[in-house]
Amino acid sequence: MGGKWKALILWALHSGPRRFGELRKDVPGISEKVLILQLREMEHCGLVHREVYREVPPKVEYSMTDFGQSLNEALIPLGEWGDKHRETIEAIPAS
């Protein structure tokens with residue numbers, strides 16, 4: 001679960017399955033390449049399920065597995081901490 005993107009991707013999937021384009025919009029600042037790599041890693045670890053629908057054009061949806069849901073629930077207190085301290089965090093100069 002390293003890196004800054006995985007938690008944001010899990011949070012985007014919190015409300016239900018998302019298509020790739022929806023995830024790109026829900027996770028601002030992530031490149032297409034990085035999103036693909038992160039989703040593959042998360043699928044490999046069992047956090048995310050990838051469903052391919054056999055239609056034209058092809059449709060792919062990503063959703064959280066039960067394992068991913070349990071991790072998301074563990075991250076909720078961290079997100080609440082971030083919301084509570086948002087002003088302090090945003091005031092920290094970038095290095």
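On a 1 Å grid over the protein atoms alone, a pocket is an open set of points with protein on both sides within 12 Å along at least five of seven lines, and its lining residues have an atom within 4 Å of a point. Grid points are joined across faces, edges and corners, and the volume is the space filled by probe spheres set on the points. The model described here is predicted, with local features needing pLDDT of at least 70 and side-chain atom pairs counting only at pLDDT 80 or more, while totals for chains, interfaces and linings use all residues. Residues are numbered from 1 along each chain as its sequence is written, and side-chain values use heavy atoms, with hydrogens and water left out.

The C-alpha trace spans about 50 × 25 × 20 Å along its principal axes. Of the 95 residues in the chain, 26% are buried, meaning under 20% relative accessible area, whereas exposed means over 50% and partly exposed lies in between (1.4 Å probe, protein chains only). Among contacts with a separation of 6 or more, 45% join residues 24 or more positions apart; a contact here means heavy atoms within 4.5 Å.

The largest pocket comes next, with about 340 Å³ of space. Its lining is made up of Leu 78, Gly 79, Trp 81, Gly 82, Asp 83, Arg 86, Ile 89 and Glu 90. Two elements, α4 (66–84) and α5 (86–91), each give two or more residues to this lining, and the largest share, 5 residues, comes from α4. By class, the lining has 3 nonpolar, 2 polar and 3 charged residues, where Ala, Val, Leu, Ile, Met, Phe, Trp, Tyr, Cys and Pro count as nonpolar, Asp, Glu, Lys and Arg as charged, and the others, Gly among them, as polar.

The second largest pocket contains about 260 Å³ of space. Ala 7, Leu 8, Trp 11, Asn 72, Leu 75, Ile 76, Leu 78, Gly 79 and Glu 80 line this pocket, with α1 (5–13) and α4 as the elements that give two or more residues. Helix α4 again supplies the largest share, here 6 residues.

The axes of α1 and α4 lie 10 Å apart at an angle of about 105°, with axes fitted to C-alpha atoms over the stretch in contact and angles running from 0 to 180 degrees between N-to-C directions. The two helices α1 and α4 are therefore roughly perpendicular, a label for angles of 65 to 115 degrees. In this contact, Ala 7, Leu 10 and Trp 11 of α1 meet Gly 68, Leu 71, Asn 72, Leu 75 and Ile 76 of α4, giving 6 nonpolar, 2 polar and no charged residues.

Helix α3 (residues 32–44) also packs on α1, with axes that come within 10 Å and cross at roughly 80°. That angle makes α1 roughly perpendicular to α3. Here Trp 5, Lys 6, Ile 9 and Leu 10 in α1 meet Val 34, Leu 35, Gln 38, Leu 39, Glu 41 and Met 42 in α3.

Finally, Pro 58 sits in the loop between β2 (48–53) and β3 (59–64), and counts as exposed at 63% relative accessibility. Leaving aside residues up to four places away in sequence, Pro 58 touches Arg 19 and Tyr 53.

Technical notes:
1 Å grid on protein atoms, 1.4 Å probe; cavity = no way out; pocket = protein on both sides within 12 Å on 5 of 7 lines; lining within 4 Å. Helix = DSSP H or I, 4+ residues; strand = E, 2+ residues; numbered from the N terminus. Parallel < 35°, antiparallel > 145°, perpendicular 65-115°, else oblique.
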